[in-house]
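This report goes through the helices, the salt bridges and the surface of one protein model. Please keep the sequence and the coordinates at hand while reading.

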Amino acid sequence: MGLRLSFFNTPKHRVFHYEPIYYSEEKEHRDELIEKIERRKAEAEGREYKSETYYPGRYIKGHLREQMATNRRHAGGASMSRLIAIISIAMLFVMIYLISDYFGFFASLLS
């Protein structure tokens, strides 16, 4: 037992711990599939589909999965942004050279 000297009382870390009482993963998966089918059916008929039930966190989880899938599909965006960054840096160096050449910085170094 060490001697702890502290001027302030530090509170303990509080953790959010939630366990759902009634949860069935198979039922949730089945309901998602049924809703997808109904949504596609409504889109094929040309009408808007509105879900009657709401489950907290359901849309967030689905949205994150969709975002991950679209990021995988559009992986070329990273290479394009890298190319733009390299071109921008090259243009910056050219501008610095031209500005310093205008003021005669490199001419004084070379002579």
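## Burial of a charged residue

A residue is called buried when its relative accessible area is under 20%, exposed when that area is over 50%, and partly exposed in between. The structure examined here is a predicted model, and in it Glu35 has a relative accessibility of 8%, so Glu35 counts as buried. The side chain of Glu35 meets that of Arg39 in a salt bridge, with an N to O distance of 2.9 Å, whereas Arg39, at 33% relative accessibility, counts as partly exposed.

An α-helix has 3.6 residues a turn, so residues three or four places apart point the same way. Arg39 and Glu35 are four residues apart in helix 1, and about one helical turn therefore separates them.

Asp31 and Lys27 also lie in helix 1, four residues apart, or about one turn of the helix, and their side chains meet in a salt bridge at 3.2 Å, N to O. With a relative accessibility of 24%, Asp31 counts as partly exposed, and Lys27, at 40%, counts as partly exposed as well.

## The end of helix 1

How many salt bridges does a search of the whole structure find? The search finds three, and one of them joins Glu45 to Arg47, with the closest N and O atoms 2.8 Å apart. Glu45 has a relative accessibility of 49% and counts as partly exposed, while Arg47, at 46%, counts as partly exposed too. Gly46, which comes just after helix 1, takes a positive phi of about 85°.

Met80, Leu83, Ile84, Ile87 and Met91 make a nonpolar surface patch of about 500 Å². Among these residues, Met91 has its place in helix 3, which runs over residues 76-102.

Ser100 also lies in helix 3, and its relative accessibility of 14% means that Ser100 counts as buried, the cut-off being under 20%. A polar atom of the Ser100 side chain lies 2.9 Å from the backbone oxygen of Tyr97.

Definitions and conventions:
Residues are numbered from 1 along each chain as its sequence is written. This is a predicted model: local features need pLDDT of at least 70, side-chain atom pairs count only at pLDDT 80 or more; totals for chains, interfaces and linings use all residues. Side-chain values use heavy atoms; hydrogens and water are left out. Patches are made of residues with over 30% relative accessible area and no salt bridge: like charges are joined within 9 Å, nonpolar side chains (Val, Leu, Ile, Met, Phe, Trp, Tyr) within 5 Å. Accessible areas come from the Shrake-Rupley method with a 1.4 Å probe; for residues, only the protein chains shown count as cover. A salt bridge is a side-chain nitrogen of Lys or Arg within 4 Å of a carboxyl oxygen of Asp or Glu. Helices (H or I, at least four residues) and strands (E, at least two) are DSSP runs, numbered from the N terminus. Buried means under 20% relative accessible area, exposed over 50%, partly exposed in between (1.4 Å probe, protein chains only). A polar contact is a pair of N or O atoms within 3.5 Å; within protein, one must be able to donate a hydrogen and the other to accept it, and residues adjacent in sequence count only if both atoms are side-chain atoms.
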